[in-house]
Amino acid sequence: MEDSGSELKTDRLIVNLGPQHPSTHGVFRMVVVLDGETIVDLKPVFGYLHRNHEKIGERCTWIQNMPFTDRLDYISSMSNNFGYALAVEKLMGIKPPERAEYIRVMMAELTRIVSHLVAVGFLLNDLGAFFTPVLYALEERELILDIFEAVSGSRMMCNYFRFGGVARDLPEGVLERVRDLVENRLPRKIDEIDRYLTKNEIVRTRCEGVGVLTAERAIALSATGPVLRASGVPYDLRRADPYSIYDRFEFDVAVRYHGDIYDRYLIRLDEIRQSIRILKQVLRDIPEGPVISGKPQWQVRVPTGESYGRVEGPKGELGFYVVSNGKPNPWRYHVRAPSFINLHTLAEMARGGKVADVVVILGSIDIVLGEVDR
């Protein structure tokens, strides 16, 4: 018999989580090395959804790529449009009219709220709180999608931004609907979500101190967006390298310092509140006037050169690198996708945790596979 004080000898076991696992979206695999229930190592495996987005981008004309950007992070269509539009506008040397700039910021911040609501709702799903929290989050998201539908004609694949502005002006009554949302309903509903979830004993037990990513490692692994800021690094492109008219607005860069799942949940609530703050200023200051400048989009000719346009998307820095040789379509088109970059932190956060933790850690990163396997 073994000495009762000796440790139980176990073999290391390699287990595949996904690609069929519901929490891996059906197209992402985690190869996990286990010692009992403890994760010794983890390897993320991408590519099951490979969309060939970047090569399609080099086949299409410049403007034809705009609706394709919608399909990257399909929760954040308007932000995807924004980053691509900025990259091409740099090459063309054009600037949108004032009203278009305000509309762009409005759509980008509504998109941030939409994305974070989805992230929080499905994080609770990953924790085992099936459907009730996510349905409350999706109810608020649907009201914002009503705005997107009124403005662009579509709820998710909006294709609304254009080089030099936006496709069309806001329909009558939309500003009043947005005002009612950001001044009345959304602040109240976010407070409700906060009240019901944040101090919940199970949420705290499963999330506090789990999946920790230090500030140093977050920087070393190029983490971006809420994942980076929840690790104590207050870096936000809207402040660090302002684009559009973000330098006009008062808002705080949300930051948390524990780098765990709990802080990645909290920071998204913080950011929703800051987005509401920005939206109130947009509604106060938005001027009248045209919403697009330059030639009709089908006549667009992009001068020879290269540029990089980037925005602080809901999931982090979304960048578009484009190269023009003067022809109707890009010679090179590359996307820096925050979901893809942030997945590189997964192994770091999972080591030493349990199998049950890894699903929640993945949920706290908030990836969308359309952007990972672009």
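**View 1. Lining of the largest cavity.** Y74, I75, S76, S77, M78, T111, R141, L145, F148, R155, M156 and C158 line the largest cavity of this predicted model. A cavity is a set of points, on a 1 Å grid over the protein atoms alone, where a 1.4 Å probe fits but cannot get out; lining residues have an atom within 4 Å of a point. Two elements, α3 (77-92) and α5 (132-152), each give two or more residues to this lining. The top contributor is α5, with three residues. Helices here are DSSP runs (H or I, at least four residues), numbered from the N terminus. By class, the lining holds seven nonpolar, three polar and two charged residues. Ala, Val, Leu, Ile, Met, Phe, Trp, Tyr, Cys and Pro count as nonpolar, Asp, Glu, Lys and Arg as charged, and the others, Gly among them, as polar. The largest cavity holds about 60 Å³ of space. Its volume is the space filled by probe spheres set on the grid points, which are joined across faces, edges and corners. The structure has three cavities of 30 Å³ or more.

**View 2. The E54–R374 salt bridge.** E54 pairs with R374, their closest N and O atoms 3.2 Å apart. A salt bridge is a side-chain nitrogen of Lys or Arg within 4 Å of a carboxyl oxygen of Asp or Glu. E54 sits in helix α1 (residues 53-59) and R374 in the segment after α15 (369-372), so distant parts of the chain, 320 residues apart, are linked. Both partners are buried: E54 has a relative accessible area of 16%, and R374 one of 14%. Buried means under 20% relative accessible area, exposed over 50%, partly exposed in between (1.4 Å probe, protein chains only).

**View 3. The R104–E89 salt bridge.** R104 and E89 meet at 2.6 Å, N to O. R104 belongs to helix α4 (residues 98-126) and E89 to helix α3, 15 residues apart. R104 is buried at 0% relative accessible area. E89 is buried too, at 4%.

**View 4. The E183–R179 salt bridge.** E183 and R179 meet at 3.9 Å, N to O. Both lie in helix α6 (residues 174-197), four residues apart, about one turn of the helix. E183 is partly exposed at 40% relative accessible area, and R179 is partly exposed at 29%.

**View 5. A salt-bridge network.** Shared partners join E109, R112, R229, D236, R238, E271 and E312 into one network. The whole structure contains 35 salt bridges.

**Notes.** Residues are numbered from 1 along each chain as its sequence is written. In this predicted model, local features need pLDDT of at least 70, side-chain atom pairs count only at pLDDT 80 or more, and totals for chains, interfaces and linings use all residues; side-chain values use heavy atoms, with hydrogens and water left out.

Note on methods:
On a 1 Å grid over the protein atoms alone, a cavity is a set of points where a 1.4 Å probe fits but cannot get out, and a pocket is an open set with protein on both sides within 12 Å along at least five of seven lines; lining residues have an atom within 4 Å of a point.
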